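Hi everyone, thanks for making time this morning.

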Amino acid sequence: MTLLWEVLNGSTVRPPPIWLMRQAGRYLPEYREIRAQAGSFLDLCYDPRLATEITLQPVRRFDLDAAIVFSDILVVPHAMGREVWFVTGEGPRLDPMVEADIDRLDGEGLVDRLSPVMTTLAAVRKELAPEKSLIGFCGAPWTVATYMIAGRGTADQAPARVFAETNRDGFVELIRRLVEASADYLIAQARAGADVLQIFDSWAGVLGEQAFVAWCVEPVREIVARVRAAEPDVAIIGFPKGAGILLDRYVDRTGVDGLAIDWTVPLAFARTVLQPLVAVQGNLDPLTLVNGGRPLVESVTAILDGLSPGRFIFNLGHGIRPETPVGHVEELVAMVRDWRGGNGNG
């Protein structure tokens, strides 16, 4: 079994395994070379040959403990019939949805339409060392719905929050369809070779308590149940970014094996409240990795001392930023690899 899988199934590993969200991407010169030759970003996601190479690049360079398939959370709405495109320097764009569009979403045949991703996973698994995990992923229904409704990311995803309150029946139906599509997609990824799956809920933090339970917790609980029924051996990490003190409720109700936490979560809270419940993954501020120097050393040391005595996977608190110096990533990995113990104080 892989180190990540062992931690997610209850083991404590020292030094902890490490991988980085968005580890395959724009900060790597070898990625930029491929990107310059490719077509659109979605074309790149759907090209198994290129996506396989990009997925493996950071594992080769840094000897990380996992590869995460190169793709995007918005391939699910794209496969359901929505227009999706990416604007350089600005991010994803979709045609904003209205309630009448929900019935036009096509979940049938979604896995077939996303078969290039499964081809990539299978190819990566063949090349990846057996002790390294292969991570598949999807966006959580709430986060994917926010992009589908607004057509882009906004400061607080207000369009989706308003839609959920003023068109509740329609929003319930949209979430239901995304739950089914996401579960089918994750099951297919597990069958293609992923031993770990992560569910990204990047906009969980904009919701109040009741809405968080309704739109973040319950849909992920249903996805986890469906995936477990079909592929009981795969480990599942949830990442409800910004959920704060609601994180323990998320863990308790969803049943995830691992919880990714952002950099705003206090280490003492993570150690005393969360780690007794679940394996914790995180939580270096990506900007600290960009800046490097003494703050990087101090932050990494504090995280390792605070969380490594328990079930822990080192990661960032969100995706690696494109301006991150490669040398800082090398330094980070070396610090984690060299860690052999700590005082347990966060």
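Let's begin with R60, which forms a salt bridge with E53; the closest N and O atoms are 3.0 Å apart. Please keep in mind throughout that this is a predicted model. How exposed is E53? It counts as partly exposed, because its relative accessibility is 28%.

Now have a look at helix α10, which covers residues 168–192. Here E180 and R176 make a salt bridge, with 2.7 Å between the closest N and O atoms. Why are these two separated by about one helical turn? Because E180 and R176 are four residues apart in that helix.

Helix α11, residues 209–230, gives us another pair. The side chains of R221 and E218 meet in a salt bridge, at 2.8 Å from N to O. R221 and E218 are three residues apart, so about one helical turn separates them. R221 has a relative accessible area of 33%, so it counts as partly exposed. E218, with 28%, is partly exposed as well. Going back to R176 and E180 for a moment, they belong to a network: salt bridges that share partners join them with D103, E173 and R177.

Let's step back to the overall fold. The protein chain has 16 helices and nine strands. Its C-alpha trace spans about 55 × 45 × 35 Å along the principal axes. Does that go with a compact or an extended chain? For 346 residues, a compact globule would have a radius of gyration near 20 Å, and this chain has 19 Å, which agrees.

A few last numbers on packing and surface. Of the 346 residues, 57% count as buried. Among contacts with a separation of 6 or more, 74% are between residues 24 or more positions apart. The accessible surface comes to about 13700 Å², and carbon and sulfur atoms account for 49% of that.

Key
Residues numbered from 1 in each chain as written. Predicted model: local features only at pLDDT ≥ 70, side-chain atom pairs only at ≥ 80, totals over all residues. Heavy atoms only, no water. Rg over C-alpha atoms; globule rule 2.2 N^0.38 Å. Buried < 20%, exposed > 50% of the residue type's maximum accessible area, 1.4 Å probe, protein only. Contact = heavy atoms within 4.5 Å. Areas by Shrake-Rupley, 256 points an atom, 1.4 Å probe, with all protein chains shown as cover. Salt bridge = Lys/Arg side-chain N within 4 Å of Asp/Glu carboxyl O.
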